[in-house]
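User: Please examine the structure shown below and answer some questions on its domains and salt bridges.

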Amino acid sequence: METLHKASVETMSIMQKYKAAMREMKVRLEILDQDLNLKKHRNPIHHIESRLKSPASIYEKIGRYGYEPTLENMERYILDIAGIRVICPYIQDVYSLFELLNRQDDLEIVKVKDYIAAPKPNGYRSLHVIVRIPVFFMDKKESIPVEIQLRTLAMDFWASLEHDLKYKAVSEVRGIDASSELKDCSRIIEEVETRMQVLAGALEPEE
């Protein structure tokens, strides 16, 4: 019983670190958004969402990776325990924000997966970035990983509906090639986004 209690306390302590890192990262993004609004008179961030993986889902993922479900392996191999989703109006906003994050010298860019330039086979598009952000605690400083997903409103719209449709029974979409339809919808949304980006650029006042 004592061993279980100790493991539970240690897990809570580790999760608290990731929660702190997630909050730190969210504040940085909010500061960037406010600064750009002041200087450029527009907000590149529509809204921000955040989530912390549950211990159960973390251990399940460790198992899929072929490792023992230990606290040590949790911190070593799982880089998306803390996650932030940044929803932007336009594709250009996504890449501009990434560049601004890349300039922050205390922020380590660990991994980048650009599913906008190269969408997933199902049509999913988003820019995934793993960063390590320094977090100061009472007696130490730690560099903790946070996954940031940057996407546009249109990409988020598609991803939300795709997630919903994925869990529906096959009988509900009988007679429809759902996979093909989703890919086609993603392509159409991308075309609309590109046109809207051009329009936004044309209407933007000259400095």
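User: Is Lys17 buried or exposed?

Analyst: This is a predicted model, in which local features need pLDDT of at least 70, side-chain atom pairs count only at pLDDT 80 or more, and totals for chains, interfaces and linings use all residues. Residues are numbered from 1 along each chain as its sequence is written, and side-chain values use heavy atoms, with hydrogens and water left out. Buried means under 20% relative accessible area, exposed over 50%, and partly exposed in between (1.4 Å probe, protein chains only). Since the relative accessible area of Lys17 is 12%, this residue is buried.

User: Which side chain meets that of Lys17 in a salt bridge at 2.9 Å, N to O?

Analyst: A salt bridge is a side-chain nitrogen of Lys or Arg within 4 Å of a carboxyl oxygen of Asp or Glu. The side chain that meets Lys17 at 2.9 Å (N to O) is that of Glu75.

User: Why does the pair of Glu75 and Lys17 tie together parts that are apart in sequence, and how many residues apart are they?

Analyst: The side chains of Glu75 and Lys17 form a salt bridge. Helices (H or I, at least four residues) and strands (E, at least two) are DSSP runs, numbered from the N terminus. Because Glu75 lies in helix H3 (residues 71-77) and Lys17 in helix H1 (residues 2-40), the pair ties together parts whose separation in sequence is 58 residues.

User: What are the bounds of the two domains in the domain assignment?

Analyst: Domain bounds come from an automatic or database domain assignment. For the protein chain, that assignment gives domain 1 as 1-153 and domain 2 as 158-202.

User: What area is buried between domain 1 and domain 2?

Analyst: Buried area is the accessible area (1.4 Å probe) that two parts lose on being put together, summed over both. Carbon and sulfur atoms give 48% of the area buried between domain 1 and domain 2. The total is about 960 Å².

User: Which residues of domain 1 lose the most area to domain 2?

Analyst: Three residues together account for 52% of what the domain 1 side buries. They are Tyr90, Asn122 and Arg125.

User: Which side chain meets that of Arg125 in a salt bridge?

Analyst: The count between domain 1 and domain 2 is one salt bridge. Arg125 has a salt bridge of 2.6 Å (N to O), and the partner side chain is that of Glu193.
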